[in-house]
Amino acid sequence: SGVVVAAADLQLGTELRREDLHVIQWPAGAVPMGAFTKPEELVGRGLIQPVAANELFLPGKLAAKEAGAGLPPVIAPGYRALSVRVNDVIGVAGYVLPGTRVELVATVNPTLQPTDMTSKVILTNVLVLASGTKIERDAKDNKPISVNVVTMLVSPEESERLTLASTEGKIQLALRNPLDQTTPQTPGIRPAALMGTAAATPVRRVAANSAAPRLEVKPAAPPTVEIIRGDKRAQEVVHQE
């Protein structure tokens, strides 16, 4: 029986046209569940995942009917696409491409005191949806793309954190390996700790059943007198009755 496959490599967000589709023969007993047999069923639908040439079209790679194409169908339920302005430094020299994942580091001064300037990782493992207006990688060897806006997939809560950080301070993107699934927990850093000049916090001892600090008081030294006998001197303790 015939099944519909891609006539060429198709990128995420593509709106399928008749020329993008090709029908090939497939063993009837080995047709994957959900495979399409008629090109008309696919024309006009958007891709939410890239499809390689001669790859079967399956429902999981397609936006819902009438959902359209482009970026909106790519946004997973419960998430939002949020764009932030970047430059060559923030955008990791153009290597933050669609499909890559990043950490977001915010530098904020909540009190306007220089010593309170803090840099901290605020979001981890964030998916980049688009670089500039492109939602697909550069076709030539994934070369860097110089853009001034990066669009990322975030939850509503993460969108609040990112918007506040970009408004109140500065943000920096840190590119990560897509196979790395770790979620680092960092305390953040201030200038004093960065330069190794942070003062050690004094340790206070607290009694087991008391919230008040217990002061360790050394007993006063007993009074003494100096006695001179010839050429000898001696210190003796004065005992009080």
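1. Helices (H or I, at least four residues) and strands (E, at least two) are DSSP runs, numbered from the N terminus. This is a predicted model, in which local features need pLDDT of at least 70, side-chain atom pairs count only at pLDDT 80 or more, and totals for chains, interfaces and linings use all residues. Residues are numbered from 1 along each chain as its sequence is written, and side-chain values use heavy atoms, with hydrogens and water left out.

2. M195 sits in the loop between α2 (191–194) and β8 (224–229). Its relative accessible area is 63%, so M195 is exposed. Here exposed means over 50% relative accessible area, buried under 20%, and partly exposed in between (1.4 Å probe, protein chains only).

3. M195 also belongs to a nonpolar surface patch with I189 and L194. Together the three have about 330 Å² of accessible area. Areas come from the Shrake-Rupley method with a 1.4 Å probe, and for residues only the protein chains shown count as cover. Nonpolar side chains (Val, Leu, Ile, Met, Phe, Trp, Tyr) are joined within 5 Å, like charges within 9 Å.

4. Look next at the loop between β3 (80–85) and β4 (101–108), which holds G99. G99 is partly exposed, at 40% relative accessible area. From G99 to V126 is 27 residues in sequence and 9.8 Å in space, C-alpha to C-alpha.

5. T100 is in the loop between β3 and β4. T100 is buried, at 11% relative accessible area. A polar atom of the T100 side chain lies 2.5 Å from the backbone oxygen of L97.

6. K61 lies in the loop between β2 (21–25) and β3. K61 is buried, with a relative accessible area of 16%. The side chains of K61 and E55 make a polar contact of 3.3 Å. Such a contact is a pair of N or O atoms within 3.5 Å; within protein, one must be able to donate a hydrogen and the other to accept it, and residues adjacent in sequence count only if both atoms are side-chain atoms.

7. Helix α1 has 13 residues (residues 156–168). At 1.5 Å a residue it should span 18 Å, and its end C-alpha atoms are 18 Å apart, which agrees. The expected span is 1.5 Å times one less than the number of residues.

8. In α1, S159, L162 and A165 are buried. Seen down the axis, the buried residues of α1 fall within an arc of 135°, so they line one face of the helix. The arc is that of the directions from the helix axis to the C-beta atoms. On the other side of α1, E157, E160, L164, T167 and E168 are exposed.

Methods
Patches are made of residues with over 30% relative accessible area and no salt bridge: like charges are joined within 9 Å, nonpolar side chains (Val, Leu, Ile, Met, Phe, Trp, Tyr) within 5 Å. A salt bridge is a side-chain nitrogen of Lys or Arg within 4 Å of a carboxyl oxygen of Asp or Glu.
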